[in-house]
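The following note sets out numbered points for a colleague examining the model. Please read each point alongside the coordinates.

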Amino acid sequence: MKNTTTCLLLCLLGLSGVAQAACNPNIPLTRPDSRYEAVAGATPAGSEVRDKVTGLVWQRCVVGMAWNGTACTGTASNLTWQNALDAARTATASTATTGASATWRVSNHAELYSLAERACYNRAINTTWFPATPSGWTWSSSPSANDSAAAWGVSFDVGLGNLAYKSSAYRVRLVRSGQ
């Protein structure tokens, strides 16, 4: 019990403020770099990532941040669940004005959870393809089946999914169907 408690405390302490993912070398990566590719024709170049397994296309940066060609810059937006859904509609409308045909949406819980890297923590996501992923929770579009005031999200600190109140403010990463 003492060793378990010590491990839990050390693991929790390790989650504060470190941007680089820590991965267990004894566990094969579940989301290796080879799983993803940059989407040709994305504007700006490299701002969209295709998951070769699911076929989904993800925005490389969360809402509020922007891809500058080498990194995600800016400040991630903290949005309520409804504001996250509205942000997807706004992103779709803004691409339509440029002649693009991207229909962005907030992913469902299973889709969002498919980004979680099971071998890592303190960014349980592929940090090569999704750099500067903020700590904390990211919304999915999936509402709770038992509580109309709650919806599902994923913490990319540790790669876990859970319910949160829709009035809480979290991050959102938009997705669209692949072409």
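1. S155 faces L160 of strand β11 across the pairing. The strands concerned are β10 (residues 150-155) and β11 (residues 160-165), which run antiparallel and share six bridges; strands here are DSSP E runs of at least two residues, numbered from the N terminus, and two of them pair if DSSP finds at least two bridges between them. The two strands form a hairpin with four residues between them, and within that turn G159 adopts a positive phi of about 80°.

2. The model is predicted, so local features require pLDDT of at least 70 and side-chain atom pairs count only at pLDDT 80 or more, whereas totals for chains, interfaces and linings use all residues. Residues are numbered from 1 along each chain as its sequence is written, and side-chain values use heavy atoms, with hydrogens and water left out.

3. How many disulfides does a search of the whole structure find? There are two, a disulfide being a pair of cysteine sulfur atoms within 2.5 Å. Counting bonded cysteines along the chain, their pattern is 1-4, 2-3.

4. Because C23 belongs to strand β1 (residues 22-23) and C120 to strand β8 (residues 120-121), the bond ties together parts that are 97 residues apart in sequence. C23 is partly exposed at 37% relative accessibility, while C120 is buried at 7%; buried means under 20% relative accessible area, exposed over 50%, and partly exposed in between (1.4 Å probe, protein chains only).

5. The sulfur atoms of C61 and C72 are 2.1 Å apart and form a disulfide. This link is left-handed, with -90° about the S-S bond. C61 sits in the loop between β4 (57-59) and β5 (65-67) and C72 in strand β6 (residues 72-74), so the bond joins parts that are 11 residues apart in sequence. Both C61 and C72 are buried.

6. The loop between β4 and β5 also holds R60. Which side chain of opposite charge is nearest to R60? It is D33, at 8.4 Å, and the buried R60 has no salt bridge (a side-chain nitrogen of Lys or Arg within 4 Å of a carboxyl oxygen of Asp or Glu). A polar atom of the R60 side chain does, however, lie 2.9 Å from the backbone oxygen of G46. Leaving aside residues up to four places away in sequence, R60 touches several residues, including W67, C72, W129, F130 and R173, where contact means heavy atoms within 4.5 Å.

Technical notes
Lys, Arg positive; Asp, Glu negative; His and termini not counted. Polar contact = N/O pair within 3.5 Å; in protein donor to acceptor, adjacent residues only side chain to side chain.
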